[in-house]
Each structure stands twice: as structure tokens, then as C-alpha cells.
Amino acid sequence: MTELPPAIRLESVSRHYLMGEAVIRAVHDVSLSVPSGEFLALLGSSGSGKSTLLNLIAGLDRPSSGSVIAHGQDLSKMSSLELARYRRQTVGMVFQSFNLLPRMTLEENVELPLRLAEVDRSERAARVGEALRRVGLEKRTGHRPSELSGGEQQRTAIARALVNRPKILLADEPTGNLDSATGESILTLLREIQRNPGMTIIMVTHERTLAERFADRLAVMGDGQLLPNGAPR
Amino acid sequence: MKVRDLSDLAFRNLREAVLRNSLTTLGVAVGVASLVAMLSLGVGLQQLATSRLAKSGLFDSIFVTPKTNLRGPGGGPPGTRTPAPKARPLDADARAEIYRMPNVIEVYPQIRFFTEVRYDGKPFATMVAGLPESSKASGAFDGMQGSFFSSPKADEAILQAEFAKELNPQTTSLIGKDLVLRYAERQSLPAQPGDPADNSGGFSVVPKEKHLRIIGVVETEPASGFGGFASGRLLIPLPLAENLRAAQVNDLRDILRDSSTDKPTYSSLTVRVKSPSLVETTEDQLKALGFSAFSLLDASKSLRIFFSVFDLLLGIFGSLALAVATLGIINTLVMAILERRREIGVLKALGAADGDVKQLFFVEAGVMGLFGGMLGTLLGWLIGRSLTLGTNLYLHRQNLPGVDISSVPWWLVLGGIGFAVLVSLAAGLYPASRAARLDPVQALRYE
């Protein structure tokens, strides 16, 4: 089997915080390579540094040292404007608490990244429709998030993450607020997205069983470092 | 983000906290209203003053006199006196020449003479003054008893109120009655052999009478130009006064100066030009013609300076309320940042740049300023109208004509709205940059 080129490469990445005089090592000396098209599950207990690592890959945070290289671009060397463009064009994000804007309809929530990317209005409706069809919510476009179930809200969040056709999908505990059956359906959807059109997915979760069923590979974090027990399936 | 999307999002956000944002906008409106009301008063009073002064003819008039001969009689023993250089006489030719000058709209002499009036068989001594037709527009005849002269040559008289009371304490009953003006007419004498070529044989005075109908009573003689040595108490149309050829004080002075001619000369002429801005050049031209000229232009400049300072002070007082409103905008937007922390985090996670977030808050501040400015300008105009209405009610009770003490010209409308937007944008600077600097990781963690 030929090795796919890495979508993401982390080289000795550390993220340290100062709390008073104490140094908190949220992520410490992590090196990791995620090939294009892989579904990676980042496991770990609470406070292990997995969300911090995801934020570094998302370009929402900068490493204290080391390099985060996504599709050949070193995020640590980017300006804040370049990082914003990277978040707009290269990555899509899904959160545990969905983070939909409550006063907007589903359609408007999904349209938001297209507005930020200055996509023409004429093109937007088709793109939003396509994304909502993908997650099976094409008939609920005019509803507000409060009128939807948790699973439907997470599907909307996934549609919003997909609408700009990113290369990488980052999901931070996407099933954390859902019951197990709904969680499973969300992961099934992510798996489908990973296969078609072919996307790199990094998912942070603490549910090992689900991760083992859906992810190509597990990486386990503890105390800000990668533990050696995460093994490819 | 595109402007349309940006403003769409901003309007959505403003609608979200509609009560708070409306109150903040109302705060801006009150601030702008106070500023606009103050300035509308300043502008209104300035317009009132300048229009009154312009109507009075003081600022578009030039007072022309012959060049003063300083070496008059009494300059030394007659034998040793050298003849003084002759000043150009201010006669009918000079008047016609001045009238032909560009920008001159009216040239009229000051005709005043002290004489006797008979009314109801009793004599009264008084000062008669000729009134140019243009003085009708001076505003001094607004609210007079009776009416202005029916024509420039009508045998009619308007009485000054105090003088009218001397004739009859019930001044209204005087209107329509006749009086007799007894005056001395100046008649030229034929030249005698031996007279100098340029001098005629002088003139004699002949007693005459003129019947006039009283058509009005006015409080005071309007300031028709300047240079009169005493207020007229019996006013007659100027062309009529000229036709009377009544002997005046300067006739005697002319004789003393040994320059009397058969042509009547004027002690002074009032020259009115099209606008106050033309006074200075015309004044210079008149001096070049060999006359003395004087105007109140400097006084008009001082008036403009006074009103500029006055407007500035009113503007500063009016701006105080707007300054308070500015704090309201800052407070509202800072509160909005706290409430929308998570939303800002989501926007950044979806790819919004710091500039996008900054612009969003900036537009929200600008929209509040725009609506506050429009509402405030309307309120300010209403306050100005109310003040005018109140003032006019008071003036009406005092039997005085109404005035417009406030004015909201277009520049004030646009200036008020523009200033509100500018001030609101300035107020939005700090909250907008604070929102833009928000760490997305912290913001997304915020509950």
C-alpha cells in the first residue's frame, strides 16, 4: 500500500501557558503525521491536551514551539489574516455544543462561512442546499436551531463545516452532547464524508468504543503528550 | 466580508437586543437634538439679525458727502486767505453719475427740515423727513397703524407715534384726516451782472403750504440709511419731499461757504448697492469720484464674528449631551461583546478575520449613530419650532409681529446626521478593537 502524503504534520509541537508563575504544559513535544483522507480519533481523558492540539491544527491557537504544517503550509509562520483565510478555506470545524447562531435559520447558519469567504450570492443557495442535502436536512432549511433535536443541530453544524468544501474536518467531541444512537448516526455521517468526497478528519473524543469502530487510527493523549498505545486499526 | 453581508449581520445583531439598542439610539438622538436645537437657534437668530439689518439698509448703504473743506470761513483775515481748493459739489449731476455706477440700486438724499404743521387749526413745530420707497421693506412698518404711502408722490404723511399723540391722544382717529404743512420753498434768483461765472445770484425763500392726508402712525422713523441729524416726526414720500424744494439747513451753510449755485446741492446722499459684499468696491469708486464715503461694513464684519463665536458656544453646550450619548454607545457595545463572546468565537472559527469582527461592531455603532442622528435632527427641528412658536405666542400677546428665531438649513441636517455617525464610529472604536482582539479559543469556551 502506498503511503498517502500527509495532510497534517506536527513537529515537536508544544503549547505552554503561564498561570501566575506556574507553567501549564497543555501540549508538550507532540509529533504526529496525519495522511490525506485519514479519519484520526484523538482520545484522552479530560485535560489531556487533545482539544488544545485540535485548536492548534485549526489555526485558532499558535504553538509555543514546534511547527504545525497543514497541506504544506506552516501555520506557526502565518499572520492572523492568513490564519483566518486558512480556517475559511482549508478546515471545517464541528463542536460538542454545535455552536449554531440561535437567531439564524439553518440555511443562514450554513451560509455564514460563504459570507465570510465572500462567495457570490447567486452561488450560495446551491452550495447551502448541497450541504444540507448531504446531512439529510434539506427540508428543514427555514427552522431555527432551537426547533431541532441535538442530532439535527449537529448535522447542521457538519453542513456548515462542509459548505466551503474544506480539505480537513476537525470535530471536537461531536457526539458529546448526543445520545448513543444519535452519536452513532453522526459518526456514520462523518465516515461517509471521509470516504466521499475524500476528506481528512481529526476527531477529538473520549468515547473509545465509538472511536475504534469509526476511525482509521487512534492517537491517545495524556498529560499533553501522545501515549504509545494508540495504534492503527 | 462584503458590505451588504456586513450590514445585514449588523442589523440582525441590533434587532437581537432591540430594547437596549433602541435606548442607546434614543440617547444619541437626544444628544443630536440638543446640538441641532442649539445651533438652529444660533442660525435662526443670526438670520433674523442679518435680515433685519439688511432690510434696514445699514449694511448695503454708503453715506456720501462732499469732501470737507477744512479751510472754511474764519481761516484768517480775508486779505491774507488763499482760496481753498474747491470740493466737488454733491448736486443733481453727481447724483445721476452715482446712480449710473455698476451695482448701485438706489441713490437718495437726506431731506429733513424743521417746519410748522397745522392740524385742526393749531400749529405744531416738527421735523419733516423724506422716506425712500425702499424703506417700506425695512420691517419698521410691520405692525404699524394704517398703511404705507400709496405711491412715491402721494400727498400723504405717516406720523411718528409721539408726535401723533401731540395732535390727538387717540392716534387711530388721526388716520384719514388732513393736515397742512407750512414750509419755506427755495427759489433761485436770476444772476446779476458782475457775479462770478460759476455762481448764480443765490436764492430766496418763499412761504408755501401743502395739504397732506395722514395715512399711518409708526413707532419710530426707520433707520433708512444713516446720517440724519434728528429723527423725523412727520414722514412723507421722498420724491414728494424733493418736489417741495424746501429750504434746508445746508442751504445756509452753502451760502456761508460762498458756493451757492442755482442747482440744489445735497448735504449727503445715501447710496444703496445690490449686496453688502459690493459696499467696499463701490465705496472706493465713490472716493475716486471726489466724494467722501463711509459705510458700516466693519460693523457687519464684527457681527459675523460675534455669531461665529455664539454658534461655537451653543455647539459646545449642545455637544455635552452627545458626549454622554457616546458613553452610552461604548457601554452598549462593550455589553454586546460580553454577550456575544461565543458568537465572536464561532465567527473566528469559521474564518472571520479580526478586521471582519471589528467592522461588524463598527457598522453596528454607525447604524445606531445614523438612526440616532436622523431622529435627533428631527427632534432638534421640533424643539426649534416649539421655541419659535412659544416666542411668537408671547410676541403676539405683546402686540408685536412674529419672528422666526430658529432655522434648520440643509447643512445643519446633514451636519447633524454626519456628526452623529462620526461620533458613534469614534465611540465604537474601542469596543470594535476589543472584540477583534478576542481570543477565539477563550471565546468558544465561554458559557
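## Model and numbering

This is a predicted model; local features need pLDDT of at least 70, side-chain atom pairs count only at pLDDT 80 or more, and totals for chains, interfaces and linings use all residues. Residues are numbered from 1 along each chain as its sequence is written, and chains are lettered from A and ligands numbered from 1 in the order in which they are written.

## Nonpolar cores

A nonpolar core is a set of buried Ala, Val, Leu, Ile, Met, Phe, Trp, Tyr and Cys residues joined through C-beta atoms within 7 Å. Buried means that 20 or more other C-beta atoms lie within 10 Å of a residue's own; exposed means 12 or fewer, partly exposed is in between, and C-beta atoms are placed from the backbone. The largest core has 124 residues. Its members L42(A), I57(A) and L170(A) touch the most others. Helix α2 (residues 18–56) of chain B gives the most to this core, 12 residues. Helices (H or I, at least four residues) and strands (E, at least two) are DSSP runs, numbered from the N terminus. A second, separate core has 45 residues, including I98(B), V117(B), V218(B) and F291(B).

What does L170(A) contact, leaving aside its neighbours within four places in sequence? Its partners are L54(A), I57(A), A58(A), V91(A), M93(A) and I202(A). Contact means C-beta atoms, placed from the backbone, within 7 Å.

## Where the chains meet

Chain A puts 19 residues into the contact, and chain B 16 residues. On the chain A side, the elements giving two or more residues are α1 (50–58), α2 (80–89) and α3 (106–116). Of these, α2(A) gives the most, with 5 residues. By class, this side has 10 nonpolar (Ala, Val, Leu, Ile, Met, Phe, Trp, Tyr, Cys and Pro), 6 charged (Asp, Glu, Lys and Arg) and 3 polar residues (the others, Gly among them).

## Helix α10 of chain B

Helix α10 (residues 354–397) of chain B has 44 residues. The expected span is 1.5 Å times one less than the number of residues. That gives 64 Å, and the end C-alpha atoms are 64 Å apart, so the two agree. N399(B) follows α10(B), with a positive phi near 60 degrees.

## Two loop residues with positive phi

Most residues other than glycine have a negative phi. H71(A) has a positive phi, near 45 degrees. It lies in the loop between β4 (65–70) and β5 (73–74) of chain A. H71(A) counts as partly exposed because it has 16 C-beta neighbours inside 10 Å.

E173(A) also has a positive phi, near 50 degrees. Its loop runs between β7 (168–172) and α6 (180–198) of chain A. E173(A) has 19 other C-beta atoms within 10 Å, so it is partly exposed.

How values were computed
Contact = placed C-beta atoms within 7 Å.
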